[in-house]
Amino acid sequence: LCHRCTNEVLESNGYPAITEEQYHEGTIYPTPARFSVHVSGDRDHPSGEALGRAFDELYVTRVSSETAPLFEGIKELLEELHVRGVRLGVLSNACGEYVRTVLAAHELDKIFEVQFGADDVPAPKPRPEGLVRCIECMGLAAAPEDEEQHRSDIVYIGDAPTDGAAANAANIRGVGVLWGAYAEAKVRSEFLVAAATVPELRSMIGPLGLASSPSPPPS
């Protein structure tokens with residue numbers, strides 16, 4: 001879906017289509033910078049902002065459970081965690097409206113306390129500010145930067161090297177998953193542990209003592 005919508009926006013604005021490989025290479029950047037790279041190779045090219053907005057507007061309208069499917073077993077795992085009292089939040093480098101639309105399409109929006117995209121936080125991943133904002137909005141706090149140990153009751157799960165880098169910078173525990181767009185070596189370069197299957201992921205996060213005592217977000 002993202003690759004198709006990217007090419008629709010590029011071609012409708014007079015730019016050539018890109019390959020799926022080029023699209024995946026660009027996903028290390030937030031959407032405006034990604035489009036700048038696609039059209040010029042320079043992430044700061046001024047065309048990126050307008051193209052990124054056009055993409056977000058188009059992309060959100062195409063979201064459904066079929067066009068934006070979840071990896072098999074993920075919905076069940078999320079529902080299981082929720083039933084166990086584990087508190088859930090999501091942070092993406094896509095726009096916030098896309099995040100919330102995908103969750104709603106899969107009937108998961110009610111179980112996520114925080115649903116943020118790059119436009120909802122001070123800076124996109126790999127910067128840590130977005131994760132810090134998520135944690136604060138859930139009434140939690142990451143370990144201080146000078147502590148060697150991450151908090152054992154917070155974990156950030158992601159499929160991109162930028163996810164692992166953001167977790168490390170925010171001083172929270174990261175768990176990578178290997179079914180995304182990135183090569184295993186790239187994912188493992190930023191995560192201490194990574195799961196290749198949902199059962200592996202369940203076993204990795206099960207012993208972490210995740211936050212299970214709900215408290216209301218700060219007003």
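Residues are numbered from 1 along each chain as its sequence is written, and side-chain values use heavy atoms, with hydrogens and water left out. Because the model is predicted, local features need pLDDT of at least 70 and side-chain atom pairs count only at pLDDT 80 or more, while totals for chains, interfaces and linings use all residues.

The protein has 10 helices and 5 strands. Helices (H or I, at least four residues) and strands (E, at least two) are DSSP runs, numbered from the N terminus. Of the 219 residues, 43% count as buried. Buried means under 20% relative accessible area, exposed means over 50%, and partly exposed lies in between (1.4 Å probe, protein chains only). Contact means heavy atoms within 4.5 Å. Among contacts between residues at least 6 apart in sequence, 56% join residues at least 24 apart.

Nonpolar cores were examined next. In soluble globular proteins, nonpolar side chains tend to be buried together. A nonpolar core is a set of buried Ala, Val, Leu, Ile, Met, Phe, Trp, Tyr and Cys residues joined through side-chain atoms within 4.5 Å. The largest one holds 19 residues. Cys5, Val9, Phe35, Phe55, Tyr59, Val63 and Tyr98 touch the most other members. Elements giving two or more residues to this core are α1 (2-12), α4 and α6 (96-105). The largest share, 5 residues, comes from α4. Beyond its neighbours within four places in sequence, Tyr59 is in contact with Leu1, Cys2, Cys5 and Tyr98. Another core, of 18 residues, lies apart from the largest one. Its members include Leu88, Phe112, Val155 and Ala195.

Helix α1 has buried residues at Cys2, Cys5, Thr6, Asn7, Val9 and Leu10. Their cover includes α2 (20-26), α3 and α4. Just after α1, Gly14 takes a positive phi of about 85°.

Phe112 of the 18-residue core is found in strand β2 (residues 112-116). Phe112 is buried, at 10% relative accessible area. Leaving aside neighbours within four places in sequence, Phe112 is in contact with Leu78, Leu88, Gly89, Val90 and Leu103. The C-alpha atoms of Phe112 and His82 are separated by 8.7 Å, although these residues are 30 apart along the chain. Ser92 lies in the loop between β1 (88-91) and α6. Ser92 is also buried, with a relative accessible area of 19%.

The cysteines were then checked for bonding. A disulfide is a covalent bond between the sulfur atoms of two cysteines. Here a disulfide is a pair of cysteine sulfur atoms within 2.5 Å. By this rule the count is 0. Cys2 is in no disulfide, and the nearest cysteine sulfur, that of Cys5, is 7.2 Å away. Cys2 is buried, with a relative accessible area of 11%. The sulfur of Cys137 is 7.0 Å from the closest cysteine sulfur, in Cys134, and so too far for a bond. Cys137 is partly exposed, at 26% relative accessible area.

Several backbone features stand apart. Most residues other than glycine have a negative phi, and most peptide bonds are trans. The bond from Lys125 to Pro126 is cis, with omega near 15°. Pro126 is found in the loop between β2 and α7 (129-137). Glu107, not a glycine, has a positive phi of about 55°. Glu107 is in the loop between α6 and β2 and is exposed, with a relative accessible area of 64%. Asn171, also not a glycine, has a positive phi of about 60°. The loop between α8 (161-169) and β4 (172-177) holds Asn171. Asn171 counts as buried, at 6% relative accessibility.

The second largest pocket has a volume of about 360 Å³. On a 1 Å grid over the protein atoms alone, a pocket is an open set of points with protein on both sides within 12 Å along at least five of seven lines, and lining residues have an atom within 4 Å of a point. Grid points are joined across faces, edges and corners, and a volume is the space filled by probe spheres (1.4 Å probe) set on the points. Of the 23 lining residues, Pro30, Thr31, Pro32, Ala33 and Glu49 are the closest to the pocket centre. Elements giving two or more residues to the lining are α3 (31-40) and α4 (47-61). Helix α4 gives the most, with 7 residues.
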